[in-house]
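I opened this notebook to keep track of what I looked up.

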Amino acid sequence: MKSWDAIVVGAGHNGLVNACYLQRAGLDVLVVEKNEWVGGAAVSRSLTPGFLYSNCSYVCSLFRPEIMRDLELPKFGLQVISYEGGAVFTRDGDYLANYRDHHAHRREFARFSRKDAEAYDRYARDVTRQCRFIQPLLMRTAPDPTSLKPRDIGELLYLGRKFAGLGAREMADTLRFWTMSISDFLDEYFETDVIKANFALSGIIGTALGPMSPGTAYVLLHHYMGEVDGSVGAWGYARGGMGAITKALADSFRASGGTIRTEAEVERILVGNGRAGGVVLAGGEEVRAKLVVSNADVKRTFLKFVEEKELPDIFLRRVKNFRMRGSSGKVNIALDSMPEFPALPPDSPCLRADMHFTDSVERMERAYDDWKAGRWSADPFLDMVIPTTLDPTMAPPGKHFMSCFVQYCPPKVEGRDWTDADRDAFGETVISQIADYSPGFRDRIVHMEIRTPRELEAEVGLTEGNIFQGELTFDQLLFNRPVPGYAQYRSPIGGLYICGSSTHPGGGVMGAPGRNAATEILRDLKRGVKHMSPAHDVI
Amino acid sequence: MRHFDGKCLSTRRALQPHFRKLKLDSPFQPRLDALNLQQAWYDWAGYKAPSALWDEELEYFAIRSQAAVFDISPMVKYRIEGEDAEAFLDRLTLRDVTKLKPGRVHYTAWCDDDGFVLDDGTLFRLSPTRFRLCCQERHLPWLLDSAPGFEVEIEEETETVAGLALQGPTSWSVLNAAGFAGSEKLKPFDIASFPHADGEVTISRTGFTGDLGYELFVDAKNALPLWDRLFEAGKLFGVRAIGYHALNTARIEAGLIVANADFVTAEHAIRQDRVRMPDEIGLGFMVDLKKPGYFNGRHAIENARKKGGPAHVLVGLEIEGNVPAEHAIVYHRKTREVGLVSAAIWSPLAKRNIAIVSLQRDYGKDGTADLWVEIYAMRELQYVRLMKRAKVVPRPFVKLDRRAATPPGAF
């Protein structure tokens, strides 16, 4: 029976990034994927003729350019297109836009408050300083602070020097940033509700916390440290939907000799004498390998694929306690014409960017209150985009694909499992909010895909439908992600690695966990990493 | 403390279409458009401003030989008014505002708590209780956050007040011919008001050229008649409109610095070692430790001085040869990197190759020997690398008697 050098469990973006780097290092790698398509949560699927959806993730900024270059993703069709800022609609019939032009942005804010408009510079400076501190950490393995290995000590010193280099005020800001609520943080800069709401949304996306919960300021940073072609903080659409990223990765992987098996669901990871030796697929087929890399989240990997008795007790307890709560849903809509938003001028660039209807931090927090009570938000927060305004490949001319990220949406409804009726009622809540701002919206709908945490877990395999494979709060970052002592992509089981967003530096379609895990694996195998270009400088 | 903000829905709605025009027009736009044969514009604080109108070298000579008109409307302007305006500004800025008499202007700067410069600018005392602060960057949050406890109103008036700089040897002659009787009495940094159209124009003997010159401020609605009045009166005195490139040459000769060109302002510095104290950018003379009480940044500046002063100095440099050394690195003994050139020109008036430069403190003393500037001059797709000897010289590089002569000369 064939024994692979490595099996990667799950063809999500991190799994594929990891597989690509291992294959290019000369290993014989098999990727197994339970669905009949690849992509995990970075997929484009056609569910109604003529339309392509970005079914889960929908915009791109964090994906590391070093990875795109190393794996030749442009050659395999990947293009990322920047878009203009976005808008928050206000309940009084106005809107607040974000424009790329610095002065247009200021003048737009000045419509609401001249003071806030000018305070933006200081806010942008402080956020940028913090992003510059974190960015270089993304593509490095987090040091183990308890280790005496020269490399860990070296990495700790690096972290310490970076921190010391910040200066007293920035150091204080860093600690505040990593622990404060986004609401308190924004109160220090701005006075206008809609302006605060405009920024606060980046602090809650994908997080089972409200804007007033401590720790959400960091989540905002996490959304700011990406780039599109060097334009830091910019977001864009992947041409052809987010599936274009994983399609390019899969093609790159195959071109370098890798093998992908779809409809190959892993039931369990084979462990013998404390070492992983392959996987058992649904149906009983055993596939052998010298090592196994799991792209599944940390809970799925260690609580489902591995028997508990194989794991140390404290590790197991910490995996169980790792916070990975479902907080969001997704509604994908095919439209037979461009929706109108009477509040926006018809030539507004905001139609081509992200749009929102939650005009105060207070409303966001109320939406979170519903989640705490086990209900989806009656007045949810939406992150809504129409990628087909810039990407002609996802719908026929004149028709559009609309993606609505919806928060908050609980993993269980008042303690019981989701039903189809619940799902449809959740979808209706979303449609009715959009229709409040867009007359005739319902009549344009051709097809809809409604996804609650139930669907996200069942299809993508994200525990509770948590899009980041674990919340991005300070207690679950760096050497604590996912579990103290196991933040370097290894596990208590020899030859079993994890490479998904549960690991440092966390979620988003970033690819860094997959790449960092490959670095560690190749280090263990004493293989070179010359095919990995160094992380870009932050100067 | 009060400030004014239009926040009602109809006001906000009326402002929505601004996104269709990314660069604002100046109140003088119709005149600039008509004269801008080059169609060369740059972005000045969100305004469409001319970098050159017909020929930047000839525009420079208009400053030094005739009368040049430069539109300064995009300059950020704040009205600061009230019983406590003097006390507020004294607390805010480095210089002693109690010594600034009504009808006078002074050049000043203000700092954050750590003594790092937020901006420099000119403070006009229009009356005992009314001031105008003119600067490069925007500071409304800083001004408002500094104001609690003071009886003062703060309002941005950039868009409502238009401004023109009238600079050059015949500039007073132009004013005189335009009927601004009494303008001959203005000494440098004096302000006076004169009737104009249905309102008035405020004229100060100030400028950014080191030459005889004036700045005129007028209600935006009376801007065009003011332009026409000057150009009509100036016909026989060679009045010409100019763009920023010409002005920049003149200001470097005058040794004057520009925020975020020659130093990085504290609220914009992403890299925290880029901020500068007044002593580091040649503004130490402003710091008035004799004025009683606290002003922002005072303790930090005092402490830095006690420790021998902050790390950098900004000085004038004279460089061998005639190739401008813009953004060149400065070396000591050709090897040790000690500073950077922020602005450099061949000075037409001094016939010298001059530069404004930031140096590590120990290398910035007058007469420090063995400074070298490494110039990379791109010539037909090839760098010509020059290592040129340089020496620290006093600023201004060019000193003109006509700048300060009162009454002004009728050249």
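I began with β4(B) and strand β10 (residues 161-167) of chain B, which pair in the antiparallel sense over four bridges. Strands here are DSSP runs (E, at least two residues), helices are H or I runs of at least four, and both are numbered from the N terminus. Two strands pair if DSSP finds at least two bridges between them. Asp71(B) stands opposite Leu164(B) in β10(B).

A note on the source: this is a predicted model, where local features need pLDDT of at least 70, side-chain atom pairs count only at pLDDT 80 or more, and totals for chains, interfaces and linings use all residues. Residues are numbered from 1 along each chain as its sequence is written, while chains are lettered from A and ligands numbered from 1 in the order in which they are written.

Next I looked at the other partner of β4(B). Three bridges join β4(B) to strand β14 (residues 239-241) of chain B, and the two run parallel. Ala68(B) has Arg240(B) as its bridge partner in β14(B).

Is β4(B) buried or exposed? Five of the five residues of β4 (residues 67-71) of chain B are buried, so the strand is largely enclosed by the rest of the structure. Buried means that 20 or more other C-beta atoms, placed from the backbone, lie within 10 Å of a residue's own; 12 or fewer is exposed, and in between is partly exposed. Ala67(B), Val69(B) and Asp71(B) point one way from β4(B), and Ala68(B) and Phe70(B) the other way.

Last, I checked a barrel in chain B. Six strands close it in the order β15-β18-β17-β16-β19-β20, with antiparallel pairing. Eight bridges join β15 (residues 312-319) to β18 (residues 352-360) of chain B. Ile319(B) has Asn353(B) as its bridge partner in β18(B).
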